[in-house]
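Trainee: I have a model open and would like to go through its fold with you. Could we start with how strand pairing is decided?

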Amino acid sequence: IVSAQNKQKEYYDNKHACGDIFNVKALVLMKDFTRKKRAGGKMDYRWTGPYEIIGTLGKGLYKLKAVQSDKVRCFVK
């Protein structure tokens, strides 16, 4: 039983591990999820940005700053 539990724990930890994928100061794009809610707009841009990562908040959460303005947002991977 103990070895089966260890295997299950290892599998779960590997699947749910969430390390920092992006580095601070990296430029990223953010998906525009509002596109799915409105009709039409087939030719609209699917991504917004670029944003600069100014910090990590842990577990895949990042603090972003728009390159063209001083607006700060949070982003979940």
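Mentor: Two strands count as paired if DSSP finds at least two bridges between them. Please keep in mind that this is a predicted model.

Trainee: With that settled, how many bridges join E1 to E2, and do they run parallel or antiparallel?

Mentor: Four bridges join E1 to E2, and the two strands run antiparallel. Within this pair, Val28 stands opposite Tyr51 in E2.

Trainee: And what about E2 and E3, how many bridges are there?

Mentor: E2 is joined to strand E3, residues 61-66, by six bridges, again in an antiparallel arrangement. Gly58 has Leu61 in E3 as its bridge partner.

Trainee: How many residues lie between the strands of that hairpin?

Mentor: The hairpin of E2 and E3 has two residues between the strands, and Lys59 there takes a positive phi near 55°.

Trainee: Why does Lys25 count as exposed?

Mentor: Lys25 counts as exposed because its relative accessibility is 63%, and the cut-off for exposed is over 50%.

Trainee: Changing topic, where does Arg46 lie?

Mentor: Arg46 lies in the loop between strand E1 (27-31) and strand E2 (47-58). Its C-alpha atom is separated by 9.7 Å from that of Leu29, and the two residues are 17 residues apart along the chain.

Trainee: Is Arg46 buried, exposed or partly exposed, and why?

Mentor: Arg46 is partly exposed because its relative accessible area is 49%, and partly exposed covers the range between the 20% limit for buried and the 50% limit for exposed.

Trainee: Stepping back, in what order do the elements of the protein chain run?

Mentor: From the N terminus on, the order is α-β-β-β-β, with one helix and four strands in the protein chain.

Trainee: What share of the residues is buried?

Mentor: Buried residues make up 16% of the 77 residues in the protein chain. The chain exposes about 6,700 Å², of which carbon and sulfur atoms supply 55%.

Trainee: Finally, what part of the contacts with a separation of 6 or more comes from residues 24 or more positions apart?

Mentor: Such residues account for 31% of those contacts in the protein chain.

Note on methods. Residues numbered from 1 in each chain as written. Predicted model: local features only at pLDDT ≥ 70, side-chain atom pairs only at ≥ 80, totals over all residues. Heavy atoms only, no water. Buried < 20%, exposed > 50% of the residue type's maximum accessible area, 1.4 Å probe, protein only. Contact = heavy atoms within 4.5 Å. Areas by Shrake-Rupley, 256 points an atom, 1.4 Å probe, with all protein chains shown as cover.
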